[in-house]
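Please keep the sequence and the three-dimensional view at hand while reading.

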Amino acid sequence: MNLCIWPPCVYCDIKQRTLNLFMLFMCTQMQMDKNTRKVRNQDINPCIEESDASQKCLDAYNYDKSMCSAYFQRYKNCRKYWHNIMLERRREGVKPDMPTAAERQERLTALGGKPY
């Protein structure tokens with residue numbers, strides 16, 4: 001679709017390309033924002049705290065991954081633990097598959113803290 005008036009000119013072509021790039025950028029941004037909200041949602045992601053700790057460690061040690069291996073392992077253990085809980089709930093037919101933030105907090109309190 002050409003928004004310019006006939007006859008076509010170089011300026012119109014550049015204007016159309018710029019508009020297309022802008023629209024592509026905006027669609028990509030909207031998708032990234034949606035994914036970011038999903039990752040930061042407490043009800044969807046049970047390991048936000050561990051993820052943030054890993055990121056802070058990387059920032060503190062200038063992205064030297066060898067200095068943050070304990071944080072990475074804790075994050076992996078968290079994901080593995082909650083993944084197993086999710087699979088268990090799915091087998092039992094409990095919805096939603098992932099417990100809500102409140103349910104997870106109750107479970108962790110009953111266990112006396114984080115098991116990972």
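## Asp43 and its surroundings

The side chain of Asp43 reaches the backbone nitrogen of Ala101 at 2.8 Å. This is a polar contact, defined as a pair of N or O atoms within 3.5 Å; within protein, one must be able to donate a hydrogen and the other to accept it, and residues adjacent in sequence count only if both atoms are side-chain atoms. The model is a predicted one, in which local features need pLDDT of at least 70 and side-chain atom pairs count only at pLDDT 80 or more, while totals for chains, interfaces and linings use all residues. Residues are numbered from 1 along each chain as its sequence is written, and side-chain values use heavy atoms, with hydrogens and water left out.

Asp43 is located in the loop between α1 (10-40) and α2 (48-60); helices (H or I, at least four residues) and strands (E, at least two) are DSSP runs, numbered from the N terminus. With a relative accessible area of 40%, Asp43 is partly exposed, given that buried means under 20%, exposed over 50% and partly exposed in between (1.4 Å probe, protein chains only). Beyond residues up to four places away in sequence, Asp43 touches Met98, Pro99, Thr100, Ala101 and Arg104, contact meaning heavy atoms within 4.5 Å. Asp43 and Arg104 are 61 residues apart in sequence, and their C-alpha atoms are 9.0 Å apart in space.

## Overall architecture

The protein chain has 4 helices and 0 strands, in the pattern α-α-α-α along the sequence. Of its 116 residues, 20% count as buried. Among contacts between residues at least 6 apart in sequence, 45% join residues at least 24 apart.

## Two buried residues in helices

Arg89 belongs to helix α3 (residues 69-92) and counts as buried because its relative accessibility is 12%. A polar atom of the Arg89 side chain lies 3.0 Å from the backbone oxygen of Asp97. Apart from neighbours within four places in sequence, the contacts of Arg89 are Val94, Lys95, Pro96, Asp97, Met98, Pro99 and Glu103.

Ser54 is placed in helix α2 and, at 8% relative accessibility, is also buried. Residues up to four places away in sequence aside, Ser54 touches Tyr71, Phe72 and Tyr75.

## Nonpolar core

The largest nonpolar core comprises 9 residues: Cys47, Cys78, Tyr81, Trp82, Ile85, Met86, Met98, Leu108 and Tyr116. Helix α3 gives the most to this core, with 5 residues. A nonpolar core is a set of buried Ala, Val, Leu, Ile, Met, Phe, Trp, Tyr and Cys residues joined through side-chain atoms within 4.5 Å. Cys47 is in contact with Tyr75, Cys78, Arg79 and Trp82, not counting residues up to four places away in sequence.

## Largest pocket

The lining of the largest pocket consists of Gln42, Pro46, Ile48, Glu49, Glu50, Trp82, Ala101, Arg104, Gln105, Leu108, Lys114 and Tyr116. The elements that give two or more residues to this lining are α2 and α4 (101-111), and α4 gives the most, with 4 residues. On a 1 Å grid over the protein atoms alone, a pocket is an open set of points where a 1.4 Å probe fits, with protein on both sides within 12 Å along at least five of seven lines; lining residues have an atom within 4 Å of a point.
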